Amino acid sequence: MWKLVKYELRKQMQSKAIIFGIVALLELVWFFGLLVNNSMLAGTSGVLFLVANISMIYLYFESIVTFSNDLKTKNSYMLFMTPNSSYKIVGAKIVASGIQIILYGLCFFGIGVLDIGIMAIRFSGVSEVIEMVKKFLNQSVQIDVDVTYVFLSVLSIIIMGIFILSLAYVSITLSATFLANKPYKGFVSFVIFVLIVFVQEKIVSAVLGNVLLSDQTTIILSLLWYAVMSVLAYVVTAWMLDKRVSL
């Protein structure tokens, strides 16, 4: 399965190189602006933050498009003719996407830590910079920063993203298998996708919303829920491919 994961990672390497090139350029511009005390150049930190968020969204989009193309184009479809089960192939795609999301998250987190360190050296101590960031977040968007809460929130976003990705795989596979010869198959599968997201969100809100729990406990339970739903979506996707894809 690891060979399949490496294949998926290599297949999307070009776009990642372009994104990292843009990020590296913005980081250099920001550093130079900080060095020469140019507020306009140093202001590229906002653009860097925007690029980081757009890049994460693009990761999900590219994974979905790649999977869709694998079921539509003949060259990509050859992957399903290899001596690998549908469970391995779909699992490799989800694992590869998860690895990319985590690595990107760690990369941008590392850039953030590096930038804070540079600001600490340039202006004041690390603790003062951290307190300054906390104060800014608290005053501008009313966020009281708690390290554990932030970590769990980020992890929750990652798991939720993997769930949405897995559910998109279900929708695409449904369109290519059971609904292959049906009119408006794309629209029907998309409606099913939206309905599943809507229903499961209602379930989460109904269950967790009526129980008095701490914020951290609520996030942990949400993590478990989305993890289970991701596994279920993976199994359903692989099962449909295994049963209905005609090689």
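Tutor: Contact means that heavy atoms lie within 4.5 Å of each other. Keep that in mind as we read this structure, which is a predicted model.

Student: Leaving aside its neighbours within four places in sequence, which residues is I118 in contact with?

Tutor: Once those sequence neighbours are set aside, I118 is in contact with W30, F31 and L34. I118 itself has its place in helix α6, and L34 is 84 residues away from I118 in sequence, although their C-alpha atoms are 8.9 Å apart in space.

Student: Is I118 buried or exposed?

Tutor: A residue is called buried when its relative accessible area is under 20%, and I118 counts as buried because its relative accessibility is 18%.

Student: How many helices and strands does the chain have, and what part of its residues is buried?

Tutor: The chain has 10 helices and 0 strands, while buried residues make up 35% of its 247 residues. As for contacts between residues at least 6 apart in sequence, 77% of them join residues at least 24 apart.

Student: How should I read the pattern of buried residues along a helix such as α1, and which residues of α1 are buried?

Tutor: The general idea is that an α-helix has 3.6 residues a turn, so residues three or four places apart point the same way. In helix α1, which covers residues 2-11, the buried residues are L4, V5, E8 and L9. Seen down the axis of α1, these buried residues fall within an arc of 140°, so they line one face of the helix. The face of α1 that is turned away from this buried side carries the exposed residues K3 and R10.

Student: What should I look for in a nonpolar core, and which residues of the largest one touch the most other members?

Tutor: In soluble globular proteins, nonpolar side chains tend to be buried together. Here the largest nonpolar core has 23 residues, and those that touch the most other members are V23, F67, V90, I101, F108 and Y169. Helices α2 (13-35), α4, α6, α8 and α10 (215-244) each supply at least two residues of this core, with the largest share, 7 residues, coming from α4. There is also a second, separate core of 7 residues, which includes L167, F193, V197 and M229.

Student: Leaving aside its neighbours within four places in sequence, what is F108 in contact with?

Tutor: With those neighbours left aside, F108 is in contact with V23, A52 and S55.

Student: Where is S171, and is S171 buried or exposed?

Tutor: S171 has its place in helix α8, which spans residues 147-176, and S171 counts as buried because its relative accessibility is 12%. Apart from its neighbours within four places in sequence, S171 is in contact with S189, F190 and F193.

Student: Which residues line the largest cavity?

Tutor: The lining of the largest cavity is made by E8, Q12, S63, T66, F67, D70, K93, S97 and Y169, which divide into 2 nonpolar, 4 polar and 3 charged residues. Helices α4 (44-72) and α6 (86-122) each supply at least two residues of this lining, and α4 gives the most, with 4 residues.

Technical notes. Residues numbered from 1 in each chain as written. Predicted model: local features only at pLDDT ≥ 70, side-chain atom pairs only at ≥ 80, totals over all residues. Heavy atoms only, no water. 1 Å grid on protein atoms, 1.4 Å probe; cavity = no way out; pocket = protein on both sides within 12 Å on 5 of 7 lines; lining within 4 Å. Nonpolar A, V, L, I, M, F, W, Y, C, P; charged D, E, K, R; others polar. Buried < 20%, exposed > 50% of the residue type's maximum accessible area, 1.4 Å probe, protein only. Arc of directions from axis to C-beta. Core = buried A, V, L, I, M, F, W, Y, C linked by side-chain atoms within 4.5 Å.
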